[in-house]
Amino acid sequence: MIVGIDLGTTHSLVGCYGENGPKLFPNALGELLTPSVVSVDEHGHMLVGQAARDRMVSHPNDSVAAFKRWMGTPRETRLGSRMLRPEELSALILRALIDDAEAATGEKVTEAVISVPAYFSDAQRKATRAAGELAGIRVERLINEPTAAALAYGLQEQREGSRFVVFDLGGGTFDVSILELFEGVVEVHASAGDNFLGGEDFLDVLLQAFCADTGIAPERLPAGELGQLRRRLELLKRSLAGAGQSSLEIALDGALRNWSIDEDRFARLCDPLIQRMRAPVERAMRDARLQPAQLSEVVLVGGASRMPLVARLVSRMFGRLPLRHVNPDQAIALGACVAAGLKVRDQRLEEIILTDVCPYTLGTKVSRRDGNGQVQDGLFSPIIHRNSTVPVSREEIYYPVYDHQKLLSLEVYQGESPMVERNILLGEMTIHLQPDRSAAENGVRLRFTYDINGVLQAEATVLATGERHELILEQNPGLLTPEEIRARLRALEDIKIHPRSKQENIALLARAERLYEEHLQARDLVQQWIAQFRQSLDSQDEQLIREHRGQFRDALDQLERQL
Ligand code: ADP
Ligand code: MG
């Protein structure tokens, strides 16, 4: 079976294209959204999802979240006795999602379409593919998130000939895309974004304001208290919408703190973040050669787009109120499911054609002689311009600077700066030239091919000899080699994961531990409940466990309501 997956910074979802269109599968707790959090318990078992998110508060040093931000980098996180790369952490999330899909359908998942931010670089995309391999599935396709959202939206609305903007503000990334729907074709005109802007940054604004007002140095707080403070501020951030003012009471450093903030102040403090959202929007509009008046709709997706200040920015920029027909948390996943349906050529989707663009410029480093004969180094020479429709293949011929030059170094870059030092190096190689030739006779043809998954291939041909070289773009410290992937796959297989049937119990215990941490007044009680529930688990009497589980959950619900 092929599934569609939204592997989000904050939440992940899985589904497939079913009888009646795209359909999402619930996790073991019955939720469609699985928090993208991993944690390790005392016995070295890995926990994924809500249980891990609760443990983020009670066991911050054994838990990790938002690792999508490190995809494409070699950064490792210690969990128990292991050091895990972002690909491996993502693989654990993918495995949990696959288990959920298999439990819902009884079929084996072999392939997936996974969504990635349009602005993900080559290394970040390759890391996502590696995560799929580490989870034991084939990643049939990577689909850009706004494109997926547009697919879900376009199919639902069936509005012909409309041009629209998809504006996606998630936990850690911001993406904006301009699309057009006509006669079953979903065409992406332009994408732009910021890989380091999302709801988390708005949370940081609240954290800074809280700390400034209360005189608390966040780095001096014990990790548990900081985790708790972030969780409470996250709730406050969500409750601020439309409330005018929100407050919180929290015990920190042995003292009870009261704090409140109103929407106006929050909006003022967030203004720099809001301003940062303008540039990608303006750039995408320019690249698509459109004026705001030529757009029929603005579609908001991503959890953080629920903040009224985001809707206000959109209204100001486009002179209209944004739409939110498809659930903003589910749009991307639903679109990934549609893409999965397209892949297996589901008959009901036969009519749809999807085109996408390469969101950034790809090129190489060159030197040029200026008017005075001086050689200028480090210049960027674009080969594929950003927002070219993919798949795309382009070539350019380059000549050495000097006659009888023996070697030519080719470097591949991604970015928009005229100087390569400000762009991202994707790979390099040295090519041997024919030293008996003049510069003009010693050209090298460089061909770049960018496929629908956003994966780049670069090939160099020495014109004099016809000799061809494939540029290896995998030599990035942020990427695993195929051998490393195989080794890590074996190591991951030894990781102990609680069976799906136990997830509910584990999540309840994790939640109780979090409440113990947070709720000083009720600690004895919570501790007692935990001990009792552990006792029933030890009895292995399923009937008894089910009964106690219900009571335990009700008690925790009640306690949480008082919080
Ligand atoms: P991702 O795609 O990165 O996983 P999501 O689309 O799930 O992210 O959005 C997660 C972000 O949305 C978080 O930063 C969260 O704080 C924010 N968010 C969710 N609901 C709300 C809300 N009601 N108000 C403000 N922010 C919200
Ligand atoms: Mg998202």
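**A pocket and a sheet**

Mentor: The lining of the second largest pocket has six nonpolar, five polar and nine charged residues, where Ala, Val, Leu, Ile, Met, Phe, Trp, Tyr, Cys and Pro count as nonpolar, Asp, Glu, Lys and Arg as charged, and the others, Gly among them, as polar. This is a predicted model, in which local features need pLDDT of at least 70 and side-chain atom pairs count only at pLDDT 80 or more, while totals for chains, interfaces and linings use all residues. Residues are numbered from 1 along each chain as its sequence is written, and side-chain values use heavy atoms, without hydrogens and water.

Trainee: Which residues line the second largest pocket nearest its centre?

Mentor: Of its 20 lining residues, His498, Ile506, Leu509, Arg534 and Leu537 lie nearest the centre; a residue counts as lining if it has an atom within 4 Å of a point on the 1 Å grid. The largest share, five residues, comes from α12, and α12 (503–518), α13 (523–539) and α14 (542–562) are the elements that give two or more residues each.

Trainee: What makes β7 and β28 edge strands?

Mentor: Two strands pair if DSSP finds at least two bridges between them, and β7 (63–65) and β28 (496–497) each pair on one side only, in an open sheet of four strands with the order β7-β5-β6-β28 and mixed pairing.

Trainee: Why do β5 and β7 count as paired?

Mentor: Three bridges join β5 (residues 37–40) to β7, and the two run antiparallel; the definition asks for at least two bridges, so the pair qualifies.

Notes:
Chains are lettered from A and ligands numbered from 1 in the order in which they are written. On a 1 Å grid over the protein atoms alone, a cavity is a set of points where a 1.4 Å probe fits but cannot get out, and a pocket is an open set with protein on both sides within 12 Å along at least five of seven lines; lining residues have an atom within 4 Å of a point.
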